[in-house]
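Visitor: Please show me the model. I want to ask what lies behind the labels.

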Amino acid sequence: MSQGPRSGLAAVSAALLAMSRHLEVRDVLKTIVASARELLDAQYAALGVPDDHGGFAQFVVDGVSDEEWKAIGPLPRQHGILAAMLEGAKRERLADVREDPRFEGWPEAHPEMSDFLGLPIHNGDDVVGILFLANKNCPRTRGECGFTDEDMDLLEILAQHAAIALTNARLYERSRELTIAEERSRLAHELHDAVSQKLFSLRLTAQAATALVDRDPARAKGELHQVAALAAEAADELRAAVVELRPAALDEDGLVATLRTQIQVLDRAHSARVTLTARGVRALPAAQEEALLRVAQEALHNALRHSGAASVAVTLDKHERHGGVVLRVTDDGLGFDPAIVRRAGRHLGLVSMRDRAGGVGGRLTVTSEPGQGTVIEMEVPGG
């Protein structure tokens, strides 16, 4: 992402403008890291977002290829200089990080690093992130290369604005979540009112018909016709509510495009790599597409929130035999023991996913093993 060093106010201005252009948290994190690396002309840069357990909830890097990042392995946790910064939240400038007594636990595939700069990003008293830079791009023949006090001052300026940009992005995402929650609440309220009124009328009319069956069969017959009409109206109300609750993008764009858009957002919002591959999938009945989407969403939520996965792969394939669709959500996370059905079912929503699959004539299978990741597979028949 970096395209060479800049200097002075122009470099700082460019970095701050870049951060202000994004509203998604993942985009802001990537921009902060790329801006820091370019501003200080470093070979490597990273930004860790602390979690509540002494590690990192997210860890974004710049200057490391996808192949190198994959070889490095899981996110850094509670060891070494990174752990020391998590605990102390103090700035660090080291001539050679490898000679620091806290240097330990670095994966074998990690790029070689020497001079090191670390700086917490503060929002008030809270640490919302920690910036790490390594290997200043400068001649090393005389042994004078490394980060300077001026570099630290520039990074301090960047960190102050990074805190604002990151806080704004989180507020934006939170406001969007609240808007969605408010809309769902509104729909639930309208659904409750409309259907409750119909069902109340239905019950009264049925009671009246029951009372009239013996002494006035003709009137009872009329009341029963009214019962049928009210039941039809209640069904229409429910159908309309279901249509409104169904994701609009699914109707407009179809399953593959809707899922691709959501996965792109998840890939930006989480440290795990989230991908989608779709092969030969054609349009399906609305109920099947919605069930596939909901199961994919639930499986992705589990993988990203609970499994500790570094990568999650979603595939949609045409079934070779019956022409239906096979959905697979595969993660390289912690996994679990499927034999513990009751506990896993509650925790991972497996009962709900199986119900959704069965409701459209499909089948759900779960393959997992502690330490070996998880595969959620759903098959739905073709038309």
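Guide: What follows is a short exchange about terms and values.

Guide: This is a predicted model: local features need pLDDT of at least 70, side-chain atom pairs count only at pLDDT 80 or more, and totals for chains, interfaces and linings use all residues. Residues are numbered from 1 along each chain as its sequence is written, and side-chain values use heavy atoms, with hydrogens and water left out.

Visitor: Why is Glu377 called buried?

Guide: Buried means under 20% relative accessible area (1.4 Å probe, protein chains only), exposed over 50%, partly exposed in between. Glu377 has 17% relative accessibility, so Glu377 counts as buried.

Visitor: What makes the link between the side chains of Glu377 and Arg328 a polar contact?

Guide: The distance is 2.6 Å. A polar contact is a pair of N or O atoms within 3.5 Å; within protein, one must be able to donate a hydrogen and the other to accept it, and residues adjacent in sequence count only if both atoms are side-chain atoms.

Visitor: How do you know that strand 8 and strand 10 pair?

Guide: Two strands pair if DSSP finds at least two bridges between them. Strand 8 (residues 325–331) and strand 10 have seven, in the antiparallel sense. In strand 10, Glu379 stands opposite Val326.

Visitor: Why do strand 6 and strand 9 count as edges?

Guide: The open sheet has five strands, ordered 6-7-8-10-9, with mixed pairing. Strand 6 (273–279) and strand 9 (363–368) each have a single partner strand, so one side of each lacks a neighbour in the sheet.

Key:
Helix = DSSP H or I, 4+ residues; strand = E, 2+ residues; numbered from the N terminus.
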